[in-house]
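Student: I have a model open and want to learn to read it feature by feature. Where do we start?

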Amino acid sequence: MKIFSNTRLSLLTIALLTVLPAASQAHHAEFMSGRPFLQGLSMPVHGLDHLLVTIAVGLIAARLGGRALWLVPASFTGAMIVGGVLNVLGVAVPLVEWGVLASLVVLGGVLARGTRLSLLLTAGVVALFAGFHGQALALNEGLGSLPFFSAGCLFTALVLQGAGIALGLSLQRFGTARIYRTAGCALLLGAVLVSFFPDANEWLIRILEGAAQ
């Protein structure tokens, strides 16, 4: 039995895209100051939205299989880095917070409904949203630190996507699509949580700040 009907999921997706407010801005814990690689490592997990979407990309890649296992993560990671570099260079993209939250809703809807998009379309959609996630990255150091910051972001993003792929491939042995639908619903719930309780979006960085004090 499906968790939600496709019609209800479509209505929920449209409703969330309509009412989602802007997300809170990312920031770095004080102990990361002057450590661009560490800042980069932390950025993909700074917000609940970034964390969930990056893992979801891996799940989507695992669900498609074949060339998607490398092409979808490569599309996400490459576009994220491009978006981050543009942000550091002062090239702003409008509605970044809305784009990040929309990625939760759209990718969550794709997983929850069991929609199988073509590989090319999937890579394009993933890259589009990855650009918004890249624009949300915040480097506190100068341009000279950009290579270290980017390397840190790249490493964590690949690890999270790899975790999503590994999880998806492992759970496929049970031969059920319910796993992906559950993951999609989790993303939709994450969008609700982030939009109406913005402080929850930075739970990890607040934990890091508290541990460093």
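This is a predicted model: local features need pLDDT of at least 70, side-chain atom pairs count only at pLDDT 80 or more; totals for chains, interfaces and linings use all residues.

Student: How much of the protein is buried?

Tutor: Of the 213 residues, 45% are buried. Look at contact range as well. Among contacts with a separation of 6 or more, 86% join residues 24 or more positions apart.

Student: How do I describe two packed helices?

Tutor: Use the angle between their axes and the distance between the axes. Take helix α3 (residues 48-64) and helix α5 (residues 96-113): their axes come within 10 Å and cross at roughly 35°. The crossing of α3 and α5 is left-handed.

Student: Which residues make the contact of α3 and α5?

Tutor: From α3 come D49, H50, L52, V53, A56, V57 and I60. From α5 come V100, S103, L104, L107 and L111. By class, that contact has nine nonpolar, two polar and one charged residues.

Student: What do the buried residues of α7 pack against?

Tutor: List the buried positions, then find their partners. In α7 the buried residues include L146, F149, C153, L160 and I165. The list also has glycines, among them G152, G164 and G168. The buried residues of α7 pack against α2 (36-42), α3, α4 (68-88) and α8 (178-196).

Student: Which helices do the buried residues of α6 pack against?

Tutor: They pack against α3, α4 and α5. Buried residues of α6 include T122, V126, F129, F132 and H133.

Student: Take H133, then. Is it buried or exposed?

Tutor: The cut-off for buried is under 20% relative accessible area. H133 has 2%, so it is buried. This residue lies in helix α6.

Student: What is H133 in contact with, beyond its neighbours within four places in sequence?

Tutor: D49, H50, V53, M80, V100 and S103. Now go back to the crossing of α3 and α5: D49, H50 and V53 of α3, and V100 and S103 of α5, are part of that contact.

Student: How many disulfides does the structure hold?

Tutor: A disulfide is a covalent bond between the sulfur atoms of two cysteines. The structure holds zero disulfides. C153 is buried, with a relative accessible area of 1%. C185 also counts as buried, at 10%.

Student: What is A200 in contact with, leaving aside its neighbours within four places in sequence?

Tutor: L48 and L193. For a C-alpha distance, take A200 and G190: they are 10 residues apart along the chain, with C-alpha atoms separated by 9.6 Å.

How values were computed:
Residues are numbered from 1 along each chain as its sequence is written. Side-chain values use heavy atoms; hydrogens and water are left out. A disulfide is a pair of cysteine sulfur atoms within 2.5 Å. Buried means under 20% relative accessible area, exposed over 50%, partly exposed in between (1.4 Å probe, protein chains only). Axes are lines fitted to C-alpha atoms, for helices over the stretch in contact, and angles run from 0 to 180 degrees between N-to-C directions. Helices (H or I, at least four residues) and strands (E, at least two) are DSSP runs, numbered from the N terminus. A crossing is left-handed if the near helix is turned anticlockwise from the far one by less than a right angle, and right-handed if clockwise. Contact means heavy atoms within 4.5 Å. Ala, Val, Leu, Ile, Met, Phe, Trp, Tyr, Cys and Pro count as nonpolar, Asp, Glu, Lys and Arg as charged, and the others, Gly among them, as polar.
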